[in-house]
Amino acid sequence: MLPSLGFTAFLAIVFFIAEQLGATGWLHPYWKYMLIFFLSISFLIHRLMGIGFQNNREKFVPFYMATIVARLILALVFVGVFLWQGVSAVKVFILDFLALYIFYTAFEIYILSRNLRRGL
């Protein structure tokens, strides 16, 4: 879980600096909510992977597939709720969300593959 906290802190610093430097055209005002959402999803995935590794390694693949589906469904619900509430600058919101989705997915795959290599 510690790498996810560090990654989120890094992204928060990058977004804060970009916001201070005037890159508001590329950043949606709700970027903080997006980071909190992805940190929560990372925590959930970390817990599920811990359960998948714990008892039986054969359960790892179903748990991993469950986390992929859960991440996708929760992401759709998150975006849907904000769009339903009438968020401003929809294109920027969706582009920022997709960028964060890709960053967090790549980061979690990297952490997971690092842990798998160590376990072998």
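## Helix α3

Helix α3 has 25 residues, and the distance from its first C-alpha to its last is 36 Å. This is close to the 36 Å expected at 1.5 Å a residue, where the expected span is 1.5 Å times one less than the number of residues. Helices here are DSSP runs of H or I with at least four residues, strands are runs of E with at least two, and both are numbered from the N terminus. The model is a predicted one, in which local features need pLDDT of at least 70 and side-chain atom pairs count only at pLDDT 80 or more, while totals for chains, interfaces and linings use all residues. Residues are numbered from 1 along each chain as its sequence is written, and side-chain values use heavy atoms, leaving out hydrogens and water.

Which residues of α3 are buried? They are Phe60, Thr67, Arg71, Ala75, Phe78, Val79 and Phe82. Buried means under 20% relative accessible area, exposed means over 50%, and partly exposed lies in between (1.4 Å probe, protein chains only). An α-helix has 3.6 residues a turn, so residues three or four places apart point the same way.

## After α3

Gly86 follows α3 and has a positive phi, near 80 degrees. Ala89, in the loop between α3 and α4, also has a positive phi, about 50 degrees, although Ala89 is not a glycine. With a relative accessible area of 45%, Ala89 is partly exposed.

## Aromatic rings

A pair of aromatic rings is described by the distance of the centres and the angle of the planes. Rings of Phe, Tyr and Trp (its six-membered ring) pair if their centres lie within 6.5 Å; planes under 30 degrees apart count as stacked, over 60 as edge-to-face and the rest as tilted. The whole structure holds 16 aromatic pairs. In one of them, Phe37 and Phe38 have ring centres 5.2 Å apart and planes at 70 degrees, so the pair is edge-to-face. Both Phe37 and Phe38 are buried.

The rings of Phe82 and Phe93 have centres 5.4 Å apart and planes at 35 degrees, so this pair is tilted. Phe82 belongs to helix α3 (residues 60-84) and Phe93 to helix α4 (residues 90-119), so the pair ties together parts eleven residues apart in sequence. Phe82 is buried at 13% relative accessibility, and Phe93 is buried at 0%. One aromatic cluster includes Phe7, Tyr30, Phe37, Phe38, Phe82, Phe93 and Tyr104 among its members.

## Ser42

Is Ser42 buried or exposed? Ser42 is buried, with a relative accessible area of 3%. Ser42 sits in helix α2 (residues 31-54). Leaving aside residues up to four places away in sequence, Ser42 touches Ser4, Tyr104 and Glu108, where contact means heavy atoms within 4.5 Å.

## The whole chain

The chain has four helices and zero strands, in the order α-α-α-α from the N terminus. The C-alpha trace spans about 50 × 30 × 15 Å along its principal axes. Of the 120 residues, 30% count as buried. Among contacts between residues at least 6 apart in sequence, 69% join residues at least 24 apart.

The accessible surface comes to about 7,900 Å², and 73% of this surface belongs to carbon and sulfur atoms; the area comes from the Shrake-Rupley method with a 1.4 Å probe.
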